[in-house]
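Subject: Structure handover

Hello,

Here is the structure you are taking over. My notes on it follow below.

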Amino acid sequence: MSLGSLKSSLPSLSSVTICQHEPLGSHGEEIKLLSVSWNQDYGCFSAGTSYGFRIYNCEPLRETFRRDLKSGGFGIVEMLFRCNILALVGGGTNPQCPPNKVIIWDDHQSRSVGEFAYRSIVRAVKLRQDLIIVVLEYKIYVYNFTDLKLLHQIETVSNPKGLCCLTHDPRTLVLACPGLHQGQVRVEHFNLKVIEFIKAHDSSIACFTLTMDGLLLATASMKGTLIRIFNTMHGTLLQEVRRGFDRAEIYSLALSPSVKWLAVSSDKGTVHIFSLRARLVEDPPDHNVSGEAPGMIPPNSSSFSMLVYLRMQVPIQARHCLS
């Protein structure tokens with residue numbers, strides 16, 4: 001990977017050693033957790049704290065390394081799979097760097113290899129091996145990873161949560177983000193040059209997620225009572241499940257790699273698991289000869305004349321654990 005080398009904005013990182021004990025802040029205060037983010041294959045997760053960041057392995061669950069800093073914290077720590085490249089954004093009451101700046105950090109070299117600065121606060125950052133996605137409240141920027149060149153700009157409705165989903169298979173590129181209207185989701189199929197606007201809910205979107213191939217979208221609104229599953233190519237509603245009747249704040253949605261299960265967490269202190277019956281397939285399961293898992297479309301498929309099966313299919317083994 002060849003990135004434009006810029007002057008490091010985190011000079012104190014280069015002199016910090018990895019600590020295994022629980023440190024305190026510069027004035028004796030406890031470390032505060034600011035953010036948690038999965039890597040692209042859900043095998044690791046990162047935690048931004050008020051005094052640095054930490055990386056954890058999922059199976060077995062253990063801390064792999066940390067950077068403990070006395071000078072400030074990070075509100076966003078985004079990993080690129082399991083490599084040494086991280087996207088960092090300052091956060092907390094004492095941010096390590098401005099919250100309107102993204103630092104592309106090479107932890108092996110202990111230096112910044114790229115920076116992006118904006119006039120407003122960065123709400124989220126998403127990474128692929130070929131792209132960097134920066135989410136602001138009203139705009140999303142798409143950059144080429146190799147030379148940091150701006151490729152796309154996408155206007156959105158107010159997006160204070162930084163909602164954005166991105167597929168990570170190199171053979172397909174699908175991005176989902178809020179549209180220009182309340183309750184609308186914009187889905188960009190970059191490889192196919194297709195843009196689909198989905199009117200998912202009447203109220204504002206609280207959360208959404210894509211399947212690994214980007215062909216299914218799960219959404220929840222600010223009411224938090226219904227979760228809907230859509231075909232991203234045509235915007236068709238495939239399934240609707242009810243979390244409850246009382247209003248709830250949805251924290252996250254997660255789809256299993258087999259597209260058999262949907263997990264929903266909320267401020268009610270519960271996690272709901274739903275069995276999905278909305279599947280997109282090119283051929284009936286008995287005639288699957290592509291080598292792909294039943295009920296899934298090969299990521300490089302050029303045919304989208306698909307059958308929708310609204311019945312339970314034979315369970316398949318997930319390649320990754322649903323966490």
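Is C97 buried or exposed? C97 is buried, at 4% relative accessible area, because anything under 20% counts as buried. Keep in mind that this is a predicted model.

Cysteines next. The count of disulfides is 0. C207 is in no disulfide: the nearest cysteine sulfur belongs to C165 and lies 7.3 Å away. A pair would need its sulfur atoms within 2.5 Å. C207 is also buried, at 8% relative accessibility.

Now the surface. W38, Y42 and M212 make up a nonpolar patch there. Together they have about 260 Å² of accessible area. W38 sits in strand β1, residues 33-38. Its relative accessible area is 34%, so W38 is partly exposed. Y42 is partly exposed too, at 37%.

Then the aromatic rings. The structure has 8 aromatic pairs. One of them joins W38 and Y42 edge-to-face, with 6.0 Å between centres and 65° between planes. W38 and Y42 also belong to a cluster linked by ring pairs, along with F45 and Y56.

Another pair is F53 with F74. The ring centres of F53 and F74 are 5.8 Å apart and the planes meet at 65°, so this pair is edge-to-face as well. The pair links distant parts of the chain. F53 is in strand β3 (residues 52-57), F74 is in strand β5 (residues 73-79), and the two are 21 residues apart.

Best wishes

Key:
Residues numbered from 1 in each chain as written. Predicted model: local features only at pLDDT ≥ 70, side-chain atom pairs only at ≥ 80, totals over all residues. Heavy atoms only, no water. Buried < 20%, exposed > 50% of the residue type's maximum accessible area, 1.4 Å probe, protein only. Patch = residues over 30% accessible without salt bridge, like charges linked within 9 Å, V, L, I, M, F, W, Y side chains within 5 Å. Areas by Shrake-Rupley, 256 points an atom, 1.4 Å probe, with all protein chains shown as cover. Salt bridge = Lys/Arg side-chain N within 4 Å of Asp/Glu carboxyl O. Helix = DSSP H or I, 4+ residues; strand = E, 2+ residues; numbered from the N terminus. Phe/Tyr/Trp six-rings, centres within 6.5 Å; stacked < 30°, edge-to-face > 60°.
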